[in-house]
Amino acid sequence: QVQLVESGGGLVQPGGSLRLSCAAPGISLHYYAIGWFRQAPGKEREAVSCITSSFTNITYYADSVKGRFTIHRDYAKNTVYLQMNSVQPEDTGIYYCAGDRFDPYDSRWYLRISYEYWGQGTQVTVSS
C-alpha cells in the first residue's frame, strides 16, 4: 500500500511563498507520476501541477499557476515539492498529493482518475 504524506501548508500573506512536500515512506517516488490538486471551500477539486515519472520527467501546470508554481523532485530526499510563489487569496485550499505507478494516459494529468494513490491533504491559506 502506497501512503502519500503532504506537509508544508500554513498561513501565508498575498505575494508570499510556500513550499509543499509530498513524501512516501518506504517506496521510491522516482517511479511514480506525482500530481498536486487543490480544493477550495465549496468548490470541486482541481488539478494544479504534475510531474511524470523519472523516466520521462515531464511537468504540467494549470494556467492559473503557470509562472508562479514549480514542481520538482529531490532524489536524495525521495520527495516531490510544489514551490508556490506570488501566492494569491484564490490559491487558498486543501492541497492534495496524488501518485500513480504509470504516467497519465494521453497526458491527461489533470484528471483525478489518472492517480491511484492520494494523501490526506495540507491546508494552505493565503490571507493578510
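Analyst: A residue is called buried when its relative accessible area is under 20%, exposed when it is over 50%, and partly exposed in between, using a 1.4 Å probe and protein chains only. The model is predicted: local features need pLDDT of at least 70 and side-chain atom pairs count only at pLDDT 80 or more, while totals for chains, interfaces and linings use all residues. Residues are numbered from 1 along each chain as its sequence is written, and side-chain values use heavy atoms, with hydrogens and water left out.

A disulfide is a pair of cysteine sulfur atoms within 2.5 Å. The structure holds one: it is formed by C22 and C97, with their sulfur atoms 1.8 Å apart. The link between C22 and C97 is left-handed, with -55° about the S-S bond. It joins distant parts of the chain, since C22 sits in strand β3 (residues 18-23) and C97 in strand β9 (residues 93-100), 75 residues apart. Strands here are DSSP runs of E with at least two residues, and helices are runs of H or I with at least four, numbered from the N terminus. Both C22 and C97 are buried. C50 takes part in no disulfide; the nearest cysteine sulfur, that of C97, is 10 Å away. C50 counts as buried because its relative accessible area is 0%.

In general, strands of a sheet pair through backbone hydrogen bonds, either parallel or antiparallel. Two strands count as paired if DSSP finds at least two bridges between them. The open sheet has four strands in the order β1-β3-β8-β7, with antiparallel pairing. Its edge strands, β1 (5-7) and β7 (69-74), each pair on one side only. The twist averages 20° from one strand to the next; axes are lines fitted to C-alpha atoms (for helices, over the stretch in contact), and angles run from 0 to 180 degrees between N-to-C directions. β1 and β3 run antiparallel and are joined by three bridges. The bridge partner of E6 is C22 in β3, the cysteine of the disulfide with C97.

One loop next to this sheet deserves a look. Most residues other than glycine have a negative phi. N78, in the loop between β7 and β8 (79-84), has a positive phi near 55° and is not a glycine. N78 counts as buried because its relative accessibility is 18%.
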